[in-house]
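These are my notebook entries on a structure that is new to me. I set down what I looked up, item by item.

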Amino acid sequence: MRLAPKYLDGVLLAVNALPGVRAVLDAPRCEQERAWIFDQTHDWRAELSGAGSYTRDRRVFAPLWKTATLVQGTERTLAEMIDFVARHHPGDTLLVAPSFLSLLANTDVEGLVAEWRKKLSGRLVFVGRESLDEDWVDGIRRTQAAVFRDLRGPRGGSRAPVVGGFLPFRREGDETGNLEEILRLWRLAGFPPPAAWPFSAGLLPDSPIPRHTPLVAFPIGFDASRFAWEGEVIEVELPIGIDATCSMLRRLARKFRCTRRTEAVIREESRALADRIRPLCERTLAGLGVAVLGDPWTADGLCRALGELGVEACLVGVLRRGNAADPVLARLDRPGRQILLDPKRADFERELRRLARNRICEAVVGSAVVADAARQAGLATVEISAPHYLEHFAEPTPYMGFAGLARLAERLTNAVEHQRHLAEHARKRSRRP
C-alpha cells in the first residue's frame, strides 16, 4: 500500500477550500466515505458530508451504481445526480469529476457536462483526468485549473492580482493561520490587495476575471500547462521558513515596486523571530534528526525551514506519484538524506524504525499517515499538511511565514521534549526491582 493520497482526495481538498461549491463524483457511492473520513479525522470544520445523516448541507455527492453500470455506461446515473444536486442547490457552483472506474468505463463526463451546461443556470465545471495513475496533487491542480478557466472573462486586466495555486489543506487554525500570516506580510509590504483569491481566502469575484490580470501562482495547485493563463504569471515559493518567505516577498516586491518597504519588513520580522526561537534552538532543536513526510513543496519547505532551526531531515517521504517530474524534487536531494518518492507504507515505516533504533531520528514532521508507526517506534510527531489524524487547532497556528517558523519550532520542541520525558521515565521504571 502506497502512502500518496489518490486523485479524488485532491479534488476533495480543493472543494473544501472553495466556498459555495459542491461536487458530483462519477464514482460508486462508497467513494463518499472519503468525504466522511475527511470530516471525522482530518478537518473538523469541513462538513463535506454534511452535519448529519439526512442534512441538506452535504457538499459531495456520488450516484448509486448498480452492477451493470460499468458495462452499460455511467452517463445516465451521473446525469440524474447532476440534475438532483442542481435542483436542490440552485445558484451553487457544481464541479463534476471522473473517478478511476469511470475512466475504465470510458464515460464521456466532459461531454455530459457540456450538454448540461445548456440546461442549468448555475456554474457547471468539469474537472478533467487523463490517466489512471494521477494522484492528489493532480486532483488539486486539475480542480484549480478548471475553476480558473471558468472564472476567466473578457480581455483586459488590472494591477490588482488574482491568487492561484495556494491551497489550505483544511479549514482549521493551522491552515487559516497560514493565510492570515501571508496576508499580514502582504499588507505590511504594501502589495495591492488581491482582486480574487478563490481558494482559501474565499475571495470569489463578482464578475469574470479579465484575461490579462496578473496571477500570483503558488506551486502546489498551479501547473502552467493546465492553467494556460493569458496574463502575467508571477510564480512564488511556498513560504515555509525564512529563506522561502523572503523569496516570496522579494519576488512580489519587484513586481509591485515595493522593494524598499519590503526589505524593511524582512529586517524587522527576522530580528524579532531570532529573539523568539533562539532558546528553543539552543536547548532542543540544534542537532536534532527528524523524518519529513508530505507533498513535494511542503516537504521541501519543511526541510529548508528545519535546517534554519539546526534540525537535520535525514529521511524524506514524498507523497507524489513515482513518475512525476516536478523540478522541486531535485532540490530535496542532499548528501546523507534518504528520499523515498511515492513510498510504500511498509518501506517508510521500516526506515523509521531503523533510524529510531540507531537514535538518528527523534520525530516525524508532516503528514500523519504514519503517526501510529512513529509513536510505536518512540518518535515524536508534528502533524502538518494532509491528512491529519489527531491534531486540531481552534486558534491561528501557522507553519508558514515568519510567525509560522516560530510556531514550527515551538511545536517540534514540545513534542520532542515530551517524548524524551516519556522515554526517560520508561527507562527508570524498567530498572526498578
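**Entry 1: Thr93**

In which strand does Thr93 lie? I found Thr93 in strand β3. I note at the outset that the model is predicted. I next listed the contacts of Thr93, leaving aside neighbours within four places in sequence. The residues in contact with Thr93 are Gly20, Val21, Arg22, Arg123 and Val125.

**Entry 2: the sheet around β3**

I looked up how strand β1, residues 21-26, is joined to strand β3, residues 93-98. The two run parallel, and six bridges join them. For one of the pairs I noted the residues: Ala23 has Leu95 in β3 as its bridge partner.

I then followed the order of the strands. Four strands form an open sheet with parallel pairing, and the order reads β2-β1-β3-β4. Strands β2 (60-61) and β4 (124-126) stand at the edges, and each has a single partner strand, so one side of each is left without a neighbour in the sheet.

**Entry 3: helices across the sheet**

Which strands does helix α4 lie across? I found that α4, residues 75-88, lies across β1, β2, β3 and β4. Its direction is at about 165° to β1. I also looked up helix α7, residues 136-151, which lies across β3 and β4. Helix α7 runs at about 135° to β4.

**Entry 4: a nonpolar patch**

I turned to the surface and noted a nonpolar patch formed by Phe100, Leu104 and Leu132. Together these residues have about 280 Å² of accessible area. Leu104 has a relative accessible area of 53%; exposed means over 50%, so Leu104 is classed as exposed.

**Entry 5: two residues with positive phi**

I looked up Arg257, where phi is near 60°, a positive value in a residue other than glycine. Arg257 is in the loop between α10 (242-256) and α11 (259-285). With a relative accessible area of 78%, Arg257 is exposed.

I also looked up Asp342, which is not a glycine and yet has a positive phi of about 50°. Where is Asp342 found? I located Asp342 in the loop between β10 (338-341) and α14 (345-357). Asp342 is buried, its relative accessible area being 12%.

**Entry 6: a cis peptide bond**

I checked the peptide bond from Ala386 to Pro387 and found it to be cis, with omega near -10°. Pro387 has its place in the loop between β12 (380-383) and α16 (401-431).

**Entry 7: Ala195**

Which residues does Ala195 touch, not counting residues up to four places away in sequence? I recorded Ala160 and Pro161. Ala195 itself is in the loop between α8 (173-189) and β6 (215-217). I found Ala195 to be partly exposed, with a relative accessible area of 45%. Lastly, I looked up the separation between the C-alpha atoms of Ala195 and Arg375, which is 45 Å. Along the chain, these two residues are 180 residues apart.

Terms used:
Residues are numbered from 1 along each chain as its sequence is written. This is a predicted model: local features need pLDDT of at least 70, side-chain atom pairs count only at pLDDT 80 or more; totals for chains, interfaces and linings use all residues. Side-chain values use heavy atoms; hydrogens and water are left out. Two strands pair if DSSP finds at least two bridges between them. Contact means heavy atoms within 4.5 Å. Axes are lines fitted to C-alpha atoms, for helices over the stretch in contact, and angles run from 0 to 180 degrees between N-to-C directions. Patches are made of residues with over 30% relative accessible area and no salt bridge: like charges are joined within 9 Å, nonpolar side chains (Val, Leu, Ile, Met, Phe, Trp, Tyr) within 5 Å. Accessible areas come from the Shrake-Rupley method with a 1.4 Å probe; for residues, only the protein chains shown count as cover. A salt bridge is a side-chain nitrogen of Lys or Arg within 4 Å of a carboxyl oxygen of Asp or Glu. Buried means under 20% relative accessible area, exposed over 50%, partly exposed in between (1.4 Å probe, protein chains only).
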